[in-house]
Amino acid sequence: MSTATAQKRGFGAVLWDYLTTVDHKKIAHLYLFGGGFFFILGGLEALLIRIQLIKPENDFLSAGLYNEMITMHGTTMIFLAAMPLLLALMNAIMPLQIGARDVAFPFLNALGFWLFMLGGLLLNLSWIMGDAPDSGWTAYTPLATESPGHGLDYYVLGLQISGAGTLMGGINFLATIVTMRAPGMTYMRMPLFTWTTFVTSTLILFAFPALTVGLFLLMFDRMFDSAFFDVTLGGNSIIWQHLFWIFGHPEVYILILPVFGIFSEVFATFSKKRLFGYTAMVFATMLIAFLGFMVWAHHMFTVGLGPVANSIFAVATMAIAVPTGIKIFNWLATMWGGNITVSTAMLYALGFIPSFTIGGMTGVMLASSVADYQYHDSYFVVAHFHYVIVGGTVFGILAGLHYWWPKMFGRVLNETLGKITFWLFFFGFHLTFFIQHFLGLMGMPRRYWVFLKDQDLDLGNLISSLGALLMGVGGILFLINIIYTAAKGEKASADPFDGRTLEWAVSSPPPYYNFKQLPLVRGLDSLWIEKREGNGKLKPAEPLGDVHMPNGSILPFIMSVGFTIAGVGFIYQPDNRTWLLAVFIGMGIALGSMLIRSLKDDHGYYISKEELEKEAD
Amino acid sequence: MSHDHSLNPETMPQEPEKATLEGKNKFFGLWFFLGGETVLFASFFGTFLALRNSTANGPTGDEIFGLELVFIMTMLLLTSSLTSVYAMYHMKNNDFKKMQLWLAVTAFLGIGFLGCEIYEFYHYITDFGFTFRSSAFGSAFYTLVGFHGGHVVFGLSWLIALLVRNAKRGLNLYNAPKFNTFSLYWHFIDVVWVFIFTVVYLMGKVG
């Protein structure tokens with residue numbers, strides 16, 4: 001199933017294959033391309049924002065367009081770029097790491113992807129319709145309920161659809177890890193990336209429904225004249241803020257925990273050492289996730305919840321620094337005395353530690369509810385969350401892509417290009433955001449489309465904008481690297497980095513059934529154990545037999561199209577009731593496909609033992 | 001590994017709903033889904049609690065709620081949960097006919113509940129002019145109770161599709177997990193109703 005055979009099949013066949021696939025490895029490719037597409041889009045929006053702010057009183061973007069730009073940049077990057085890129089890596093690697101042949105619900109996996117993709121496209125359709133959301137990615141009411149046009153309607157429906165897809169992904173990973181671990185793979189032998197996938201999925205499961213509810217309330221207020229946020233009828237705007245942040249704070253841990261897992265794998269592999277403090281790492285992950293649900297009101301310190309509530313949330317927020325600190329020191333201790341190879345993935349990991357620590361430190365500063373009155377809604381906040389999201393999540397995604405690219409595509413990304421990309425991106429990143437701490441402390445508010453000159457903000461903004469351009473160059477170089485690798489890259493062996501975990505025991509890319517025989521896991525870092533104590537090959541846990549595989553299906557795609565059509569109908573039905581027709585048609589398509597899925601038996605198929613014997617090892 | 005999913009009393013495993021990997025996955029997957037649903041309803045309850053006194057000079061809960069009807073609805077739904085337990089009991093004993101019977105009873109009780117709820121909403125709207133748009137309380141009430149009602153509708157459609165599809169097939173390892181996951185979902189809807197009964201109606205009357 002290499003790309004070479006895929007090319008021979010012709011474009012139509014490949015397209016059909018990807019539209020109907022339920023294979024976790026191909027869905028990972030889809031998530032990567034989908035997330036990558038939105039990452040480029042969000043990146044362009046970021047560049048336009050920085051061009052507008054390159055000099056005082058610039059008129060490159062109008063105030064309204066600027067509002068749309070910041071809203072779409074934030075929304076796109078969080079929901080449509082960062083999370084899907086992480087889901088791509090989880091899909092590609094987690095089943096291999098636990099020795100499974102696929103995820104628990106392959107059909108649901110495909111449905112989750114298509115809902116995300118079409119929800120994201122629906123959200124971005126707003127650009128083409130000339131009506132993008134403009135109330136910030138947080139969509140605070142009553143600004144969001146009063147925002148004219150259909151921008152916020154696109155926001156509500158687009159996020160509702162793509163959020164449902166993400167929720168499915170979370171449930172799927174949870175069930176997979178609970179039921180499908182290979183023999184011997186106990187919970188405390190799972191690689192850290194699998195652990196963080198597991199904990200992240202729990203966060204998705206418990207955080208996303210709060211957003212679902214918030215979006216429903218906003219939708220009802222905007223489209224059906226309900227009164228949740230309408231103060232004249234007794235509504236309350238603060239409800240939106242609570243619901244949004246009950247989702248929104250765990251969301252930032254959804255973004256950061258998986259990359260903690262990625263870095264744990266990268267540090268261990270390239271230091272040729274077992275991860276220091278594995279057990280502490282696992283429990284720190286759980287503690288961060290738990291505390292992540294306890295701190296949402298620190299986004300609302302200036303709302304006026306009162307000193308008691310503010311103090312409780314401030315202390316809880318500061319407490320998160322403890323498990324995070326445990327992690328930082330464990331990574332440092334993993335490298336200590338190790339045989340370190342500074343590959344591109346390792347460079348990102350090394351760059352992550354100081355960058356993320358700065359972000360964590362400003363996080364503790366912001367957690368102080370008294371001082372927060374000064375920082376609130378200033379560029380200090382912007383600097384803080386970009387330090388954790390870019391310095392953490394984006395570095396982590398890039399490290400993960402360099403590390404697992406051979407496993408996903410069978411070719412190793414070019415190291416020289418990779419290292420140049422890293423340095424451009426690293427310097428660009430610090431140039432862009434470090435200065436923003438000071439801009440914020442000097443009083444520059446976030447989300448304003450211009451600033452006045454001669455207020456000591458000119459130079460800082462210029463530097464910041466130049467840094468953003470440097471990051472843009474880094475991004476382009478990464479794309480060039482991908483294209484170069486696809487054309488001329490070095491073919492990857494099964495284990496190009498001398499890895500420690502199960503995914504390196506199968507060929508690159510793995511056969512579509514992953515494991516001919518399920519492996520027997522004898523401890524943590526199972527492949528490493530076999531390399532040291534065995535013959536470097538995993539012992540099979542079962543005799544060679546028939547392998548059960550799920551059937552592909554076009555239904556996930558059709559269902560998602562149905563929901564998207566219904567979404568468009570919902571957006572425009574307040575203008576003209578005939579749009580309700582689109583709602584009914586769309587829901588009919590979606591529910592009809594669900595019914596077909598329920599009524600038609602799908603037992604999957606078996607790869608026979610004889611066929612498996614013919615395949616080379 | 002058997003490709004044959006049919007069952008007879010001799011080959012019947014202890015827990016047919018969890019005997020296959022697919023069945024186990026469905027079982028865990030549904031439990032996780034219910035975890036998410038819990039947060040969903042908790043958010044609706046939180047919203048309702050914040051807005052339940054925001055009646056904007058419109059009707060209050062105390063004025064409109066009639067506990068008699070709600071009591072009947074509660075009994076219908078609680079009983080339907082019990083009958084779905086009977087159905088699962090018979091499933092584990094591989095008694096397909098009795099399972100069908102109790103599931104059909106469950107469906108009728110569910111339809112009865114739904115009928116009462118539709119009447120209840122109709123009554124509020126026509127007799128009190130209490131609508132989704134009257135006040136923040138109205139919006140929160142209809143959203144919370146309506147979402148629960150929507151779950152009942154979905155559950156009933158699910159149950160009826162299952163019953164019709166498997167009417168002549170008997171029990172096997174492929175459909176046993178499906179019946180079981182439905183029953184878990186139905187219990188959950190019941191639990192949510194218990195909270196609605198307490199938080200919306202009892203507290204609306206007394207609190």
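Trainee: In which helix of chain A is the place of A:F429?

Mentor: In this predicted model, A:F429 belongs to helix 16 of chain A, which covers residues 415–441.

Trainee: Is A:F429 buried or exposed, and why?

Mentor: One counts the C-beta atoms around a residue, and 20 or more within 10 Å make it buried. A:F429 has 23 C-beta neighbours inside 10 Å, and therefore it counts as buried.

Trainee: Which residues is A:F429 in contact with, leaving aside its neighbours within four places in sequence?

Mentor: Its contacts of this kind are A:V390, A:G391 and A:M471. A further separation may be read from the C-alpha atoms: those of A:F429 and A:S465 are 10 Å apart, while the two residues stand 36 residues apart along the chain.

Trainee: What share of the contacts in chain A join residues at least 24 apart?

Mentor: Among contacts between residues at least 6 apart in sequence, the share is 82%.

Trainee: How many helices and strands does the secondary structure of chain A come to?

Mentor: Chain A has 21 helices and four strands.

Trainee: Where does helix 15 of chain A bend, and by how much?

Mentor: Helix 15 comprises residues 379–409, and at A:Y403 it bends by about 50 degrees. A proline, A:P406, follows within four residues of that point. Just after helix 15, A:G410 adopts a positive phi of about 80 degrees.

Trainee: Which residues other than glycine have a positive phi?

Mentor: Two examples may be compared in turn. A:D454 has a phi near 60 degrees and is not a glycine. A:D454 sits in the loop between helix 16 and helix 17 (458–488) of chain A. It counts as exposed because it has 7 C-beta neighbours inside 10 Å. The other example is A:N514, again not a glycine, with a positive phi of about 65 degrees. A:N514 is placed in the loop between strand 2 and helix 18 of chain A. With 20 other C-beta atoms within 10 Å, A:N514 is therefore buried.

Trainee: Which residues does a cis peptide bond join, and what is omega?

Mentor: One such bond joins A:T141 and A:P142, with omega about 0 degrees. A:P142 lies in the loop between helix 5 (106–128) and helix 6 (143–146) of chain A. A cis peptide bond also joins A:S508 and A:P509, where omega is about -10 degrees. A:P509 is in the loop between strand 2 (490–491) and helix 18 (526–533) of chain A.

Trainee: Which members of the largest nonpolar core touch the most other members?

Mentor: That core has 232 residues, and those touching the most other members are A:F263, A:V266, A:Y348, A:A349 and A:A399. Helix 9 of chain A, residues 238–271, gives the most to this core, with 21 residues. Beyond four places in sequence, A:V266 is in contact with A:A345, A:M346, A:A349, A:A399 and A:Y403. There is also a second, separate core of six residues, including A:I70, A:M72, A:A132 and A:W449.

Trainee: How many residues of chain B are in contact with chain A?

Mentor: There are 31 residues of chain B in contact with 35 residues of chain A. On the side of chain B that touches chain A, helix 1 (21–51) and helix 5 (136–165) of chain B each supply at least two residues. Helix 1 of chain B gives the most, with 16 residues. By type, the residues of this side of chain B are 17 nonpolar, 11 polar and three charged.

Trainee: What is the mean pLDDT of chain A, and what is that of chain B?

Mentor: Chain A has a mean pLDDT of 95, and 98% of its residues reach 70 or more. For chain B the mean is 92, and 95% of its residues reach 70 or more. The model scores ipTM 0.94 and pTM 0.95.

Trainee: Where in chain A does pLDDT stay under 50?

Mentor: Where pLDDT is low, the predicted coordinates should not be read in detail. In chain A, pLDDT stays under 50 over residues 1–6, for which the model has six contacts beyond four places in sequence.

Terms used
Residues numbered from 1 in each chain as written. Chains lettered and ligands numbered in written order. Predicted model: local features only at pLDDT ≥ 70, side-chain atom pairs only at ≥ 80, totals over all residues. Bend = angle between axes of the 7 residues up to and from the residue. Contact = placed C-beta atoms within 7 Å. Nonpolar A, V, L, I, M, F, W, Y, C, P; charged D, E, K, R; others polar. pLDDT = per-residue confidence, 0-100. Buried ≥ 20, exposed ≤ 12 C-beta atoms within 10 Å, placed from the backbone. Core = buried A, V, L, I, M, F, W, Y, C linked by C-beta atoms within 7 Å.
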